[in-house]
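Here is a short briefing on one predicted model. It takes up a sheet first, then the domains.

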Amino acid sequence: TVNITIDNKVTAVPPGTTILEAAQGLGIGIPTLCHLDLHTMEVKNQPASCRVCVVEVEGRRNLAPACATPVAEGMVVKSHSPRVLVARKAVLELLLSDHPRDCLVCAKSGQCGLQDLAEKFGLREVRFQGTISTYPKDHSPAIVRDMDKCIMCRRCETMCNQVQGCKVLTGVNRGFDSVVAPPYDLPLGETVCTNCGQCVAVCPVGALMEKDQTAEVLAALADPEKVVVVQTAPAVRAALGEPFGMEPGTLVTGKMVSALRELGFDHVFDTNFTADLTIMEEGSELLDRLNRHLAGDESVKLPILTSCCPAWVKFFEHQFPDLLHLPSTAKSPQQMFGAVAKSFFAETIGIPREKMVVVSIMPCLAKKFEAARPEFAVGGNPDVDYVLSTRELARMIRGANIDFATLADGEFDQPLGESTGAAVIFGATGGVLEAAVRTACEVATGRELPRIDFQELRGVEGVRSATVKVGEVELKVGVVHKLGNARTLMERIRAGEEEFHAIEVMSCPGGCIGGGGQPYHQGREELLEMRTAALYRDDCGKPLRKSHENPHIQELYRTFLGEPLGEKAHELLHTHYQA
Ligand code: HC0
Ligand code: SF4
C-alpha cells in the first residue's frame, strides 16, 4: 500500500488509487463535475476535463487534478487550501465564461452541479467572457439537448457508449464550440438512440433533459371535459421520496397516491395491475412456445425475450433486426394499461375514449417514446396520452404546494389498482422473469410452488443465468441489465454460442429503479441498491405474490378479455416489431 496524507488525515491505499478516491475513503469531498465511477461495471469517466477537483500537492509547483493523479508514497495533499480555493473559483469562472446564465428558467435549476458549485464558492461575477454558442435545441420524443450548456464532461458519452453500447454520442468540434453530439450532428430522434436516458441521468448541467410534459398534464387536469386517469410504474414508489428529502429506498406508495389525488387526477390506478396482466400473457406465451418446442415444432424460436422495456425494444429493432421473432409480443404494462383503460374502463364509466386522458408516471424517458409510437393509438387517439418521469411528478407536487412528506397514505382506486408482489419487482432487474417463473411454474404443474423467492434471479451482475424447474422442464433463463451487456449476450445467441429458453432484458442499471427519469442517480450505485431493496420489501409484505392470484385480473379475463392469448387479449394486449 501507499501512505498518503490529505488535509492532515493519514491513510494507506493500494497503488494506482487516485487522490480523489483516497480522499473519498477519508470522507473528504473534493468537488468534480466530470468524474464518474461505476464500480460494478468497472466503467470510469475520467477525462479530467472540468479541472474543478484541483488540489495542492506538497513539493509540486502546479496544482494537480485529484481525479487523474495517482497517489505516491509520502504524498501530502491539501484539498481546500486558500491557493486551491482561488484556483477552483477561477476554473468555475472559466467554465461559466461560455455558459448561458439563464438559471432562472433553466430546467436543471436547483439540481445543477455547476450552479451548486458557483453558489458554494460564492461566485458573484465572472471575470472572463467566452463565446456562448447558439446551437438549436434538439427535441427527441424523450430528450431535449441544449448543447449551449454542454461543459464537455463526457459523462453522457461514457454512459451511451461504454455502459449502453449504443454509440450515439461523441465529442465534436473545438474550442468554445466543442460539444457531445450524435453522428453527423443528426437530431437524436433520427439516430439509433434508444431514449434510455442514461445520458440524462448523469449530465451534471442542463445540457440533457427530459422532454417536459407537465404543462400538458396540468392543462388536462384543468379541463372539466376530461376524465384524467393516472397509472404509476413499479419503480417510482421507491424513489419519489428522494426529492422531498426522504432516505433513498423509502417506499412512498401511499403518499404518492394521495399526492396524485390532490393534484386532481380523477382515477388513481397502478401500472402494477397491468404488470400482473403482462405476466398472464407473457407467461402463457412462454409456456406455449416451450411446449411446442418440446413437442418438436421447429417453427418455434427460443429464447423468448421480454419486451416491456421500450429502450430495449428500440435497441433490438435497430441492432438485431434479424431476430425480431424472438421477443414476446406482449405489450409493456404501460401500454396494456392504456389499452385496458381506454376500452374496458372507459366502457365501465360510460365515456368515449376521446374524453379520457391517460397519464403515466414512469421512472423512464423511453416510455415517452413508447407512448407516442403510432401502433399504440386508435384512430390517432393514443392509449397513453402523456408520460411524466418521477422527476416531473416531483416538480408538479412541489408546484401545487403539497407537503409530500406529511401526506397521509392513500389507497389506489379499483379495479385497475390491485396488484401482487410479483408486479412490484418488475422495477428491479430480474423481477419480470421472477414474476413470470412464479406464475409459469404453477400454471404448468397445477400445483402450488414450494417457494416464492428466486434469489438466483436477483443481484447486480450485468448478466446472470440460472436453471429453474418448471414442471418437468429445466428452464434455462438469463437476466441482463444495461444494453451493452444485452448486445454482448445477443451476439452470442445469434452466433449459437448460448442457449436459453427465456431472457429478461432491462436497459438501465439495476432495471427501472435506475431509469433515466428517476431522481438523478449520477452513477451512485448504492442508491440503486437501496431502491431495489425497497421493491423486494414491498413484494415480501404483500398478501398475494403471484400475478395469476390477482382477483381483479381473474375478473377482467372472466368479464372482458376471455382467455390469455385469446382473440380479445391478442387485439388489445399484443404488438409487433419493426426493423
Ligand atoms: Fe418499468 Fe414496466 S417495470 S418497464 O422498469 O415491464 O419504466 O418501474 O413501468 O411498462 O410494470 C419502467 C418500472 C414499468 C412497464 C412495468 C414493465
Ligand atoms: Fe445514448 Fe441512451 Fe442517451 Fe440515447 S438516451 S443518447 S441511447 S445514453
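**A mixed sheet and its domain setting**

Four strands form an open sheet in the order 15-22-21-20, with mixed pairing. Its edges are strand 15 (304-305) and strand 20, each of which pairs on one side only. The model is predicted.

**Strand pairing**

- Strand 20 (residues 463-470) runs antiparallel to strand 21 (residues 473-481), and eight bridges join the two.
- Within this pair, Val468 has Leu475 of strand 21 as its bridge partner.
- Two residues separate strand 20 from strand 21 in their hairpin. There, Gly471 adopts a positive phi near 60 degrees.
- Strand 21 pairs in the parallel sense with strand 22 (residues 502-506), over five bridges.
- Val479 has its bridge partner, Glu504, in strand 22.

**Helix on the sheet**

- Helix 14 (residues 431-445) packs on the sheet and touches strand 20, strand 21 and strand 22.
- The direction of helix 14 makes about 10 degrees with that of strand 20.

**Domains**

- The chain divides into domain 1 (2-120), domain 2 (138-210), domain 3 (214-272 + 334-406) and domain 4 (285-331 + 418-573).
- Between domain 2 and domain 4, the C-alpha centres are 30 Å apart.
- Their contact draws 15 residues from domain 2 and 17 residues from domain 4.
- On the domain 2 side, helix 4 (155-163) and helix 5 (198-202) are the elements that give two or more residues.
- Helix 5 supplies the largest share of that side, four residues.
- By class, the domain 2 side that touches domain 4 has seven nonpolar, seven polar and one charged residues.

How values were computed
Residues numbered from 1 in each chain as written. Chains lettered and ligands numbered in written order. Predicted model: local features only at pLDDT ≥ 70, side-chain atom pairs only at ≥ 80, totals over all residues. Pairing = 2+ DSSP bridges. Domains from an automatic or database assignment. Contact = placed C-beta atoms within 7 Å. Nonpolar A, V, L, I, M, F, W, Y, C, P; charged D, E, K, R; others polar. Axes fitted to C-alpha atoms, helices over the stretch in contact; angles between N-to-C directions.
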